[in-house]
Number of protein chains: 2
Amino acid sequence: MAEVARAAGVSMMTVSYAYGQPGRVSDEARAKVREAAERLGYPGPHPGARSLRSGRTGNLGVVLGEHLTYAFDDPQATRFLSGVAQVCADHGMALTLVPVTGSPSDVDRVTEAAVDAFVVWTTADDDPVVDAITATGLPAVVHGGPRRDGLSFVAADDRAAAAAMGREVFAGARHPGVLSFPLDRARVSRVAFGVPGSRVLPEAGDAPGSGPPQTAGTASGTAVSTPGVTAPDSRTTSADASPGIDPDTSTFRVTRRRLRGYRDAWAETGGDWSQVRVAVCSTNSAREAETLAAELLTGPNACDAIAAMSDELALGVLRAAARLGLTVPGDLTLSGWDDSDAAAPAGLTTIAQSLRDQGARCARTALGHLTPADRDTDVAWHLISRTSTRRP
Amino acid sequence: MAEVARAAGVSMMTVSYAYGQPGRVSDEARAKVREAAERLGYPGPHPGARSLRSGRTGNLGVVLGEHLTYAFDDPQATRFLSGVAQVCADHGMALTLVPVTGSPSDVDRVTEAAVDAFVVWTTADDDPVVDAITATGLPAVVHGGPRRDGLSFVAADDRAAAAAMGREVFAGARHPGVLSFPLDRARVSRVAFGVPGSRVLPEAGDAPGSGPPQTAGTASGTAVSTPGVTAPDSRTTSADASPGIDPDTSTFRVTRRRLRGYRDAWAETGGDWSQVRVAVCSTNSAREAETLAAELLTGPNACDAIAAMSDELALGVLRAAARLGLTVPGDLTLSGWDDSDAAAPAGLTTIAQSLRDQGARCARTALGHLTPADRDTDVAWHLISRTSTRRP
DNA sequence: TGCCACATGTGTAACGATACACAAATCATC
DNA sequence: GATGATTTGTGTATCGTTACACATGTGGCA
């Protein structure tokens, strides 16, 4: 830059202003600088040096609770990020996806990230990456979960939405089932009934706190054997050996609250959670859902109502049902979540929420460009009732 | 960092190594550093300072020829970027999406980008963003186009693939049609026949060069009126007033070569390009395709064969055909491109190419981690023949 | 005329880290 | 025990920019 200044016959500061604050210098000076820069092949201010001095990078960081490629593979993440991208574009900010792979070095990737703020896409309460983000001291917004003091938070009321959906899809059912996202970071897929005697707790573990919620039985070395708590060594994929599914022990806030919502709805009919069969998918894919749904739909207690946590998973159920010769909603009522493009053609009852809007809101919040609506409005959702829950 | 060094009782360099090259210091020293850092709340090396001194940023930049949100909205871009993301994750590199919006300031966004290399997703030959990338002097790989000296290039042989497809979909047709991507950055949608008398040029304008290809009639002030060349003031959306479509004037390399390929195939049957009706879509959306396809499928010379440049567009044709009571392939043969998830269920003949693999190859090339296959293998494509081209 | 506001140009002093070269201690090898 | 290789720690110089404070010229306005 010094060379350019000399060649243009101006001071270094004039060159700096010519790039950073074009209005600060005269047209004449700016032209001289541009000309000299062109002639000398000066590529413009070094971004690193600029960021070192100014303290800003012009990047918004995005951290996924999944492998980096999910940003482009998972339809839900993609819609969310589209909203984030829109806001970034509006403000001329680049969008930096931090390369998370599920390995311990993820923490380093976050620490090294050259960004001005973070947006976090749903992860587990005990994900160390969240602590690393907190440690940077940069503004950060978490979507879905976990909640933490000091980090902003954006999410729909998943429990209420799941309860509303449960009322719809479980109505008149005798053998309800749930197709769930993973319960924790191990992402083990399995099929099991709900834990018996599980009380319906109001909101335990959902309040913001400085760490993961302490769950009975995992809090200390004196392991209290609480019914339904997954023992560390019992993570198997065998349906028979699987312990019961306890919503309250899921470390993914979204999953936890949706399970609770379904449980709420079933309890309202006088049913017990232990009657509900839950298939946990390790990924949000129709393929895996099809396999697990086949398990739910066969055997002596085959499900006649399934609430799936995404439309993707629900489509897997539809495929499984078709293969088994079951009709929807005749033999089986079914619900999805998110109102994806495929939901309407499939007649799928679903929860509509605009992940794109939520992504945009997260980005605005992170960048400090809040609108009044961001502050005052709850995240919107509504249930779209279609044929898949019209029990004859 | 100096403070941490003092608190830990070591030199600054030891602290630096403890973070940047943990193997360079003893376990003991590293522990002391980590402890002191923790105690002082030191968040780790400042990324800007690090990049200033080391010359590396740990970011791979991605530039789209479209608005930033296309990264998450367009299924083809999404698959491509999934491949890029995979390679980034493998190498611990962050993925930075440069906020391109179609405005002149895009050039500044590129210049300011703190990245080690660029990957460019298909854009126009005259996109100034490409020059800005060249000016940075950083390694860059262009996917699709344009070709430029000094920039690496990855693409399938679109002309050959389109020719193969044309042979399949135009076989036995009397009124062929094409559903095309935009011809140039104006992205004007329109419907028109091919220009008459258009000679089949081998590869004009496709060789790498330092600038956009010079096309007859646009090269200089003395505007030579060449048949079929779009005059600057004739960009209208009215089908009647539209000048003919000339493949050779499209500034998008991919579009240009696919149009040429279709023209090649039709010429092989003895047909003239002026018999081919072309609908240009401004975006890659089934919605718009449906509207334009309706135009192709009605009137005195309704098309009985349509080659679409993407499966998305082809699905729009299917919808339009269904609404008009036309059957595929009975009344109309149809082809898509890319073999998206929806293609097989729809029985759509298509060109399969792995955009994910191509994205990965671009990223490897940009980052200088080439595999032997990257060097020696052409980008693969093959035609998948399904029912949509089985003319009875 | 005198005064202030504004536009424009300049010099200095960091910003926070790492490349590099070197020194000392430790270890393996014949 | 001498030699060279390896491990580990240290100073110095420097990367390229912008914040800040200040100087100058110009025009408006009472």
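**Two copies, one shared surface**

Start with the interface: 100% of the interface residues of chain A are also interface residues in chain B, so the copies meet through the same surface. This is a predicted model: local features need pLDDT of at least 70, side-chain atom pairs count only at pLDDT 80 or more, and totals for chains, interfaces and linings use all residues. Residues are numbered from 1 along each chain as its sequence is written, and chains are lettered from A and ligands numbered from 1 in the order in which they are written.

How are the copies related? Two copies of a chain are related by a rotation about an axis and a shift along it.

Now the contacts. 42 residues of chain A are in contact with 42 residues of chain B; contact puts C-beta atoms, placed from the backbone, within 7 Å. Several elements of chain A supply at least two residues each, among them helix H4 (47-54), helix H6 (75-90) and strand E2 (94-97). H6(A) gives the most, with 7 residues. Elements are DSSP runs numbered from the N terminus: helices are H or I, at least four residues, and strands are E, at least two. By class, the chain A side has 20 nonpolar, 19 polar and 3 charged residues.

The strands meet too. E2(A) and E2(B) pair in the antiparallel sense over 3 bridges; pairing takes at least two DSSP bridges. A:Thr96 has B:Thr96 as its bridge partner.

Next, the DNA. 23 residues surround DNA strand C, and the closest are A:Ser11, B:Met1, B:Ser16, B:Pro45 and B:Ala49. Near means a C-beta atom, placed from the backbone, within 6 Å. That surface has 12 nonpolar, 7 polar and 4 charged residues.

Last, one helix. H13(A), residues 355-367, has 13 residues and reaches 18 Å from its first C-alpha to its last, close to the 18 Å expected at 1.5 Å a residue. Is H13(A) enclosed or open? 11 of its 13 residues are buried, so H13(A) is largely enclosed by the rest of the structure. Buried means 20 or more other C-beta atoms within 10 Å of a residue's own, with C-beta atoms placed from the backbone. The cover includes H6, strand E3 (117-121) and helix H14 (372-376) of chain A. After H13(A) comes A:Gly368, with a positive phi near 75°.

Notes: Nonpolar A, V, L, I, M, F, W, Y, C, P; charged D, E, K, R; others polar. Expected span 1.5 Å × (residues − 1). Buried ≥ 20, exposed ≤ 12 C-beta atoms within 10 Å, placed from the backbone.
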